[in-house]
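Visitor: Could you take me closely through the aromatic rings of this model, with the criteria spelled out as you go?

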Amino acid sequence: MAAAMFAALTIYVLRSHGAAPERDLLCTALFFTAFWGLHTAFRGVSTAPSGISESLRNGGWLLFMFVMLRRGEGRRSDHPASITIIYAILGTLLLAQIATDEVEPFIISGDPDASAMLGVLLRMMFAVGALVLVHHLFTISAPEGRSRIALVMAALAAMWTYDLNLYTLAALARGSFGELYAMRGIWMALLAVVLAIGVRHGGEWRLRVSRTVAFRSFSLVAVSLYLIVMAAGISVIEWLFGSHARVVETGILFATLVASLVLLPSNRFRSALKVQISKHFFQHRYDYRIEWIRFIDTIGAPGSSAAPLNERAVKAVADLTDSSCGMLLLHDGQGGLGVDRIWSWPTTSPSHEPLNAEDASALERSGWIIDLDEARSGHGPTNVPSWMLADTTAWALVPLIHFGRLTGAIVLGRPSVNRRLDWEDLDMLRAAGRQVASYISEAQGQQALEDSRRFDEFNRRFAFIIHDVKNLVSQLSLLSRNAERHADNPAFRKDMILTLGDSVGKLNDLLARLSQHNKARKQEPIPVDLEPIVRKVAATQRHHHPVEVTGMAACALADPQRLEQILLHLVQNAIDASSQGEPIRIDVEESSDFAVVTVSDSGCGMSAEFVRRDLFKPFNSTKSGGFGIGAFEARELAHAMGGRIEVESRLGQGSSFALHLPIAPENKGAGRLPNKQEKAA
């Protein structure tokens, strides 16, 4: 009855389903099951061909399951190594069963009972492994596709569960169970009905794999595989080593425990395992829904204790590729990209030159994600800074594009398990880069609005100050006139008039510059002798703090008032950072293109991160009650004159601010200007 029903089911599937490898293998498995049933009905179970037909039946169903797994929609079609090992072991057990049925009676001392017991053990081990694979195949399928294969998997599980119980009893009792063998015909006839319903209901046999359940069920498969291998290994060891088998088994157990204690806690091992499972079980490396939820959770972490947005953005992108570190590059105000935020980079104090304006523009036009390993080999883009190529930790450069504009870039460190970038990585990083770019652009817009609001508040507050200063100027003017008419001491009167007149002039200049009605054009830079201005600034500060002036005379293109204002800012900041009595040094130098005024101190110093991110940021002051615009204003005034300010600082060792100004054209190539002694000579 079972043979007839499986034969009819074979013909039904062959005629009613479209051509596909899964359908062909299903027909093969059904045919071998029918053949096994027919052979057992006529010849019984005591002959060797009966065991061979059972092995063919099991092999057909095992091959059907393997092809379903390999060709599934969530399955990668090339080189499935991990799960194939399990199927290969069961296939080896089937070959061993056939060999036992045909050859074993002649090589085990002529003892048929030993041969029969070996065959029973092999079939029992196969039944255990087959049940594990049925469970694995069902659990890794996506919930929406399980209904198509549920009845077929249930029938296979019932078939091998019966076999497991049958052979377990046969191995333990070492007796004949003819009734249990005979009842398999009734049991298989019932399973044929279940299979018929499942085949009629299922139709399509392409498996859709559930990634989350696959990762969770892989541990069960690994444990079951371990048990199968250990059971087979123990049998082989006892057969080969005899009385020494216990020593060998103890050594293997010890080595296994040590390997487990070493490998399981390792992040690198877990990362490698994750990569291999994704590579060999799935068509796509990423579960995009899960990865995107994790990405949003990381970059949108709430609370005051959360890391800054820029650091969260780097970490969110790095987590996608399991990169161990990363850094964020943002616009440096001169068209290039400078390092803004570093996350877990192994270099403690990196000195990274920025991506220049030309390279940043090329990166914006292409929008390509740069594989730095290819760039190192000479096959990738050339617009990559040398430090990225020299630092082998750098793995990929991801541009952050927002509405066609380059917002910044992220340099990703190499993953724990080194691999090459592929198309899936590029697609994921491109989408994540656009999302990060939108976050950063929105944050920058919000910051710009906040700065604008604070500037408005600053201007409103300063309007009252201007009003008070205007009143003070009026009072000083009156005092100056009265002192000129009524002072008795001519020397005192003359000195007072000069002092007050100078103060009134400076305050009136300040009012003119701050007044909204002042429409005068800004003064163009002119050749200026730096020495008198430097000595004047030093003289105004010496009564507060010692100031030393060194160097040679120099002439530069500058606005004298702006230059004096910059130096006053720099000297005052140096005094604030220094201990009482620790001198401030002002050094004047001249090169072929620039005149350099360096203001140095030996004070508390600043960290590289503070210099990079916060020093020139407006309204960010470390002084109590400070506005935080001194350094920002100094840099802007230097830029307006065609110069720049460079900073070198170390915590606890002091700071050095170097003001670079273009040298006057008539002084280029003429060497240094003569000092006062040389002029006198």
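Guide: Trp-292 is partly exposed, with a relative accessible area of 29%, whereas Phe-295 is buried at 1% (buried means under 20% relative accessible area, exposed over 50%, partly exposed in between, with a 1.4 Å probe and protein chains only). This is a predicted model, in which local features need pLDDT of at least 70 and side-chain atom pairs count only at pLDDT 80 or more, while totals for chains, interfaces and linings use all residues. Residues are numbered from 1 along each chain as its sequence is written, and side-chain values use heavy atoms, with hydrogens and water left out.

The structure holds six aromatic pairs, where rings of Phe, Tyr and Trp (its six-membered ring) pair if their centres lie within 6.5 Å, planes under 30 degrees apart counting as stacked, over 60 as edge-to-face and the rest as tilted. One of them joins Trp-61 and Phe-64, which are edge-to-face at 6.0 Å centre to centre with 80° between the planes. The rings of Trp-292 and Phe-295, in turn, have centres 4.9 Å apart and planes at 20°, so this pair is stacked. Trp-292 and Phe-295 lie three residues apart, about one turn, in helix α11 (residues 288-299), helices being DSSP runs of H or I with at least four residues, numbered from the N terminus. Trp-61 and Phe-64, both buried, are likewise three residues apart, in helix α3 (residues 48-70), and therefore separated by about one helical turn.

Note on methods. Helices (H or I, at least four residues) and strands (E, at least two) are DSSP runs, numbered from the N terminus.
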